[in-house]
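Look at the sequence and the structure before reading on.

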Amino acid sequence: MSGAMTVACRCGAVEIEISGEPVAQFYCHCDDCQIVHGGAYVPESVYPADAVRVVRGEPAAWTLKRNPRVTCRECGARLFIDVLALRLRGVNGYLLPPGRFQPQFHMQCQFAVRPVEDSLPHFKSRPARFGGSDETVDW
Ligand SMILES: [Zn+2]
Ligand SMILES: [Zn+2]
């Protein structure tokens, strides 16, 4: 699972090169992801910011609070979010090839539209290594 891989939005206008392994992969249930993605929760594959490069196209960036979210101008696909304070880029897990998204936990479960019961940890906010409390919810 090493070496660079290239992923693209649905229309192909934007291509992203990802090098190396993810720092973490998880489902985010936060209310920002819900609104921006129009879904109950979002798979995210997080890498060091410099491991994720736009190699084709000029996607749009839009910032809700602090972190720019980057989207294809043509097909509207959500590409990644820049988590500036941690120098990370969270790539939309739906863009990855089959088998490359292997979630380790759920986070921001305090906002969950509906519980997703599985064997993964369910953090109320974020795990401690991403600035949270490690507190979990009871589902
Ligand atoms: Zn596109
Ligand atoms: Zn989120």
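This is a predicted model: local features need pLDDT of at least 70, side-chain atom pairs count only at pLDDT 80 or more; totals for chains, interfaces and linings use all residues.

Which residue in β8 is the bridge partner of Val 70? The partner is Phe 80.

**Strand pairs**

Strand β7 is joined to strand β8, residues 78-83, by three bridges, and the two run antiparallel. The hairpin of β7 and β8 has six residues between its strands, and Gly 76 takes a positive phi near 80° there. Strand β7, residues 68-71, is also joined to strand β6, residues 60-63, by four bridges, again in an antiparallel arrangement. The hairpin that joins β6 to β7 passes through four residues. In this pair, Ala 60 has Thr 71 of β7 as its bridge partner.

| Strand pair | Bridges | Direction |
|---|---|---|
| β2 and β5 | four bridges | antiparallel |
| β6 and β7 | four bridges | antiparallel |
| β7 and β8 | three bridges | antiparallel |

**The open sheet**

Strands β1, β2 and β5 form an open sheet of three strands in the order β1-β2-β5, with antiparallel pairing. The edge strands are β1, residues 5-8, and β5, residues 52-56, and each of them pairs on one side only. From one strand to the next, the twist averages 30°. Strand β2 covers residues 15-18 and is joined to β5 by four bridges. Within that pair, Ile 16 of the sheet has Val 54 in β5 as its bridge partner.

**The nonpolar cores**

Which residues have the most contacts inside the largest nonpolar core? They are Ile 16, Ile 18, Tyr 47, Val 52, Leu 79, Phe 80 and Val 91, in a core of 16 residues. The elements that give two or more residues to this core are β2, β4 (42-48), β8 and β9 (88-92). Of these, β8 gives the most, with three residues.

Leaving out residues up to four places away in sequence, Ile 18 touches Ala 4, Met 5, Val 7, Tyr 47, Ala 51, Val 52 and Val 91.

A second, separate core has ten residues, including Phe 26, Tyr 27, Cys 33 and Val 42.

Note on methods: Residues are numbered from 1 along each chain as its sequence is written. Chains are lettered from A and ligands numbered from 1 in the order in which they are written. Two strands pair if DSSP finds at least two bridges between them. Axes are lines fitted to C-alpha atoms, for helices over the stretch in contact, and angles run from 0 to 180 degrees between N-to-C directions. A nonpolar core is a set of buried Ala, Val, Leu, Ile, Met, Phe, Trp, Tyr and Cys residues joined through C-beta atoms within 7 Å. A residue is buried if 20 or more other C-beta atoms lie within 10 Å of its own, exposed if 12 or fewer, and partly exposed in between; C-beta atoms are placed from the backbone. Two residues are in contact if their C-beta atoms, placed from the backbone, lie within 7 Å.
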